[in-house]
Structures are given as C-alpha cells and as structure tokens.
Amino acid sequence: MELDLLTAISPIDGRYRGKAGALASYFSEFALIKYRVQVEIEYFITLCELPLPQLTSFDHARFASLRAIYQNFSEADAGRIKEIESVTNHDVKAVEYFIKEQFDKLGGMEEYKEFIHFGLTSQDINNTSVPLSVKEALEQVYYPQIEELIAQLTAYAEEWANIPMLAKTHGQPASPTRLGKEIMVFVYRLNRQLTVLKACPITAKFGGATGNYNAHHVAYPQYDWKAFGNKFVAEKLGLEREEYTTQISNYDNLGAIFDAMKRINTIMIDMNRDFWQYISMEYFKQKIKAGEVGSSAMPHKVNPIDFENAEGNLGMANAILEHLSSKLPVSRLQRDLTDSTVLRNVGVPFGHIIIAIQSSLKGLRKLLLNEHKIYEDLDNCWSVVAEAIQTILRREAYPHPYEALKTLTRTNQAITESSIKEFIETLNVGEEIKKELREITPHNYTGI
C-alpha cells in the first residue's frame, strides 16, 4: 500500500492528520533532517566567526546563501539526503555529504568543505536538533493551543461565576459551590503547571565524541571550546548547553519537560471527566449538529464523545511521556543506542495532546447550560445547609450542635425546606439567631 491518510498505521498521521498535521513541521523525518541541516550550517558559520585559521578567508557575505540551504529546504532536498543515507547507512553523515554537495553548487568553497561537521559526533547534531524541535513546537503549536483552552475555560468561569451548584464529594451531596468557581479550579491548575513547564530549561548536548571536545582541543588547543560551545548553542539555537555529558545528552531537562506536560495532561483528564459527568447529570445539554449520528442503534443519543476522545488521547500521551522521561536519562556507560529510536517518538505524545486539546475545545463549545436542572438538584437537597446551621450554633456555644444536626439529617428520610425550618424553631436560641438560620438556603450557602 502507498502511504496516505487511509493506510497510515498511526491515527495521528491517518484519521487525525487534520488535527495534528501542524506538528509535521517539527517532528516528521523531514523536519528532523531539516533541523540537522540547520545545526550543521550554523555550526560552520560560527567556526567562521571564531574564526579558525583556515576559515579567516571565508567571505561572511556568503552566510546568507548558506542559511538559505536550510531556510529553503525542500522535500526534494530531504529525498536527496535519504538517497545518500541508503549508501552511507548513516543519517547524520548523509546530511554532511548533502551540505558538501550544496557547497559545490554554490562554488568557490572547496577549501572549506572539511570544516562541515568538524570535530563533531552525530549526537552533537541530534541532541541539538531534537531539543530545538521541542522548543519550537512548544512555542508555536502547543502553547497557543493550551492557552486557547485556558481562555475558553476562563470565559466560562466568568460567565457562570454566580450560578449556585450542588457540590458532590464522594459522589454525595456536599456544601454548595458555584459552577464558575469549579471551572476556575481547572484554570488555576492549568496556569500553574503551564508556568512550571515554561520554566523548564531546554538544553542540548554539544561537546564531541565523549563530551570533552577531544578532537577540537587536539587540533586547536589555543581556543576555549567550552565557551565556544556555550555561545553557539545559546546564540544560534536559543538553547542551553549541558556542560558535563557523555556522548549523548543527559536528557534530564527533556525528562522534566515531559513530566510537566504529563501533569498538565492529568489536569485535562480530570477536567474532561468532570464535564462528562455534568452532561450525564444534565447540568449541560449539547448543541446538535444537523446530520450527525450519536449512536448506530439509538437515534435519540447525543454522546459526550469529544470529552471521551480527549481523555483517551491524553492517556496515550501520558503513557508515552512516562516512558520518554524515565528511559531517556538512562544509558550504559558513555552511550548506548536505545535513546535514538525512542527519541524519534517525541512527536507522538505531542500529536495525541494536540488532538485532545482540540477535542476538549470542541466539546466545551458544544455545551448548553441547563440552569433549571442545576437549580432543581440544589433545591432538592436542603440537607446541605446542615453544616451552616451547626457552625453558627457552635459559634453561639450551643450544646452538641453537630450531633443535633446529625440526628436530623443522617437518615434515609428526605430533608426538605420544611423539615429544616421546623428544626430551627425547636432550637433554644434567640429570635435573631433563628432569623439568621432561616435565611440560609442551598442557593445562597456558596461561600466566597
């Protein structure tokens, strides 16, 4: 079969390509190759800027034409690199040979070609390319979408700020709350963890075959290669160089990013389950779209499928993020190859997350508030004011107030407005206190 949306093995590249396709610019094979070319070109330019003695004659005016190699990188260019790789059986070496071909096309660069990939190992390219792709995917795709979700939740929290709602703890009626406040809980949690994620440093390994700049130092001992590497990684790539490494990145900071994303996903799972439950409780109805089918057998159904889709994709993302964050920092001695194949899957959890965010937004934007049902549930549960009454009685030093309210409410009999008010009249307290107690209802006992 030819690869297309119907034959793709992963639903990210098949069924959900429309939602996750933007990530191809960061995590596809094409994207990885392009990032490698970018790192190699910028490294060569930085060697010229140093300059190495053999590069002092390189015309800096030609930097623009060098950068155009990756800025105008095409699928045909990536295909050429794959052709070279079929011979070399080495992906990064194929990139080096491709750039040398580009130097030949530009002309007048023969004497400089051996300074492409000078002194480097493959991981100096991979462990800068992948963090750079993560950084740009976060900034250009993930952050805007998660912030759009937070903005939608914030709008609902403000719109429904004053709607009293029966709370449920352990699935049982509890002290009333407000719908907007409960949504604001998720806004608060997501914002806090998003701040933690944005604070995670995005670091890269760049230091030669075993992290010591051996080749650089033996060829040019007069240069401070650590300072060079720090400057190159920071100024040309916008990353932070890991100072002490083996052949590969320590991946500790990448693991921290994945763990932070996982926590955000867990909050979104919690949020999607709550909205699913509110729909089940009929606190929300859902907008009906003409032509859509809710069930193959039951024509009346309008299922909360967007929240379910989001929950499932977030679970997939967390499973992969967990493996990435626990596996990548572990490597035998100065390196083994297990990180290589695992690292190629970094885009997969991003894909599931983006699908989940868009499904969450779709579900949220289909909600229709059913204020009557929310009011009805609250009005049918006068037992929740027992906490308020017994707390005021404690304030007044009334004997055993908790026990008195427990006797009244902890039964299988319905607690109604009438039974609460009758109980108030039996209390041995002044009329002012009784008046205060009478004014408490499930609709106004919502705290601050």
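This is a predicted model: local features need pLDDT of at least 70, side-chain atom pairs count only at pLDDT 80 or more; totals for chains, interfaces and linings use all residues.
Visitor: How much space lies in the largest pocket?
Guide: Let's start with what surrounds it. The largest pocket has 18 lining residues, and P173, S383, A386, T409 and R410 are the closest to its centre. The space in this pocket comes to about 620 Å³.

Visitor: Which elements give two or more residues to the lining of the largest pocket?
Guide: By class, that lining holds eight nonpolar, seven polar and three charged residues. The elements that each supply two or more of the lining residues are strand 2 (172–178), helix 16 (386–395) and helix 17 (401–409).

Visitor: What volume does the largest cavity have?
Guide: The structure has one cavity of 30 Å³ or more. Residues lining the largest cavity include N127, P201, E242 and Y251. Helix 7 (122–159) and helix 11 (252–280) each give two or more residues to its lining. The volume of the largest cavity is about 60 Å³.

Visitor: How do the residues lining the largest cavity divide by class?
Guide: Among the lining residues are V130, I202, T203 and L254. The division is seven nonpolar, four polar and one charged.

Visitor: Why does L106 count as partly exposed?
Guide: L106 belongs to helix 6 (residues 91–106). Partly exposed covers the range between under 20% for buried and over 50% for exposed. L106 counts as partly exposed because its relative accessibility is 33%.

Visitor: How far apart in space are L106 and S65, C-alpha to C-alpha?
Guide: Beyond its neighbours within four places in sequence, L106 is in contact with R62, S65, L66 and I69. L106 and S65 are 41 residues apart in sequence, while their C-alpha to C-alpha distance is 8.1 Å.

Definitions and conventions. Residues are numbered from 1 along each chain as its sequence is written. Side-chain values use heavy atoms; hydrogens and water are left out. On a 1 Å grid over the protein atoms alone, a cavity is a set of points where a 1.4 Å probe fits but cannot get out, and a pocket is an open set with protein on both sides within 12 Å along at least five of seven lines; lining residues have an atom within 4 Å of a point. Grid points are joined across faces, edges and corners, and a volume is the space filled by probe spheres set on the points. Helices (H or I, at least four residues) and strands (E, at least two) are DSSP runs, numbered from the N terminus. Ala, Val, Leu, Ile, Met, Phe, Trp, Tyr, Cys and Pro count as nonpolar, Asp, Glu, Lys and Arg as charged, and the others, Gly among them, as polar. Buried means under 20% relative accessible area, exposed over 50%, partly exposed in between (1.4 Å probe, protein chains only). Contact means heavy atoms within 4.5 Å.
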